Structure formats: structure tokens, C-alpha cells
Amino acid sequence: MSIWWSLHLRREAASVPLARRLLLGAMDTAGVDPDISFDLSVALTEACANAVEHGGSDPAHSGGYRVTAYLDGEKCRIEVADSGPGFPVRRVVRSPAPPPPATAESGRGLGLIEELADHVHFRNGPDHGAVVSFDKILKWREGALLGAM
């Protein structure tokens, strides 16, 4: 058995905890190890917060954003896609951006996603928008519904 879901969310701050709670609920129900669930939920929170903050600065593409998650017996894969202007070229080609100053209040989200997930891919959508996809190998609680399959 696997679990797959996709949401189309408005670019509003209230959508971020909604996506996080849905992911945590699905992983808890399936029996995913709480530490893995926490890491993925923080990464998802960062990706969603970026979509809310940056995903619509282009007035021609200021719609919502989409979150898709897939859990199977081996891994969880998450994708967050927005309808904004996309990543600057240097981020797409994975040249490391300089770290933000210690006093900065933002600028750490993508780096945090890279630290928490096993594989991360940043790209621009075919026409516009940024797409952040990441996955993590799952560990399961004893007697887990999904892990035992």
C-alpha cells in the first residue's frame, strides 16, 4: 500500500501549517518513525513558506501553489510547485548561494531543506514557477501499517 495526495493551496500563511499537519497525520497513520516525520515536516514547511512568500511576485503568475506527497514502503517524496517567477539561474544550476548573515531573519530555508532530506532538486517549471522536490528514506515504527507491506 502507498499513500499519495496532492493539494492546491492559496498563497496565504495559513496554508503552511495545513500542509504540514496533513503530512504529519499521513506519516503518523502509516507508522513512519517520528524523527523522519519531523525532518520531512520541517522541510515541507520551509518549501511552502517560500512558495507563499516568493511564489507570486510576478503579477501575471500570482496563483496558488501545489504540494504533492507520496509515501511508499521505502521513501517519501514531496514536491512543492508555485506559479511565481522561478529561481534565479544560479540556484537552478546549484551554485551555492552565500550563507545569509547571522542576523538575517530569512534566507535559510532552501539550505535547511537540503540538510533534512536525502535528495533535493530545485528547478524552474516549464513556463514559470519554482519547483522544489525532495525525498527521504523512511524508517518505520514497529507494527507500522505501510512499512510492513
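Me: What makes strand 4 and strand 5 a pair, and in which sense do they run?

Reply: This is a predicted model. Strand 4 and strand 5 (residues 130-137) share 6 bridges. A pair needs at least two bridges, so the label holds. The sense is antiparallel.

Me: Why is strand 4 called an edge strand?

Reply: The open sheet has 5 strands in the order 1-2-3-5-4, with antiparallel pairing. Strand 4 (119-124) pairs on one side only, and strand 1 (3-9) does likewise. From one strand to the next, the twist averages 10 degrees.

Me: What does helix 1 touch when it packs on the sheet?

Reply: Helix 1 (residues 15-30) touches strand 1, strand 2 (65-71) and strand 3 (75-82). The direction of helix 1 makes about 170 degrees with that of strand 1.

Me: Why is glutamate 79 called buried?

Reply: Glutamate 79 sits in strand 3. Its relative accessible area is 18%. Buried means under 20%, so glutamate 79 qualifies.

Me: How do you know that the side chain of glutamate 79 makes a polar contact with the side chain of arginine 123?

Reply: The distance between these side chains is given as 3.5 Å. The cut-off is within 3.5 Å, so the pair counts.

Me: Which residues does glutamate 79 touch, not counting those up to four places away in sequence?

Reply: Glutamate 79 touches Arg66, Val67, Thr68, Arg123, Val131, Val132 and Ser133.

Conventions:
Residues numbered from 1 in each chain as written. Predicted model: local features only at pLDDT ≥ 70, side-chain atom pairs only at ≥ 80, totals over all residues. Heavy atoms only, no water. Helix = DSSP H or I, 4+ residues; strand = E, 2+ residues; numbered from the N terminus. Axes fitted to C-alpha atoms, helices over the stretch in contact; angles between N-to-C directions. Contact = heavy atoms within 4.5 Å. Buried < 20%, exposed > 50% of the residue type's maximum accessible area, 1.4 Å probe, protein only. Polar contact = N/O pair within 3.5 Å; in protein donor to acceptor, adjacent residues only side chain to side chain.
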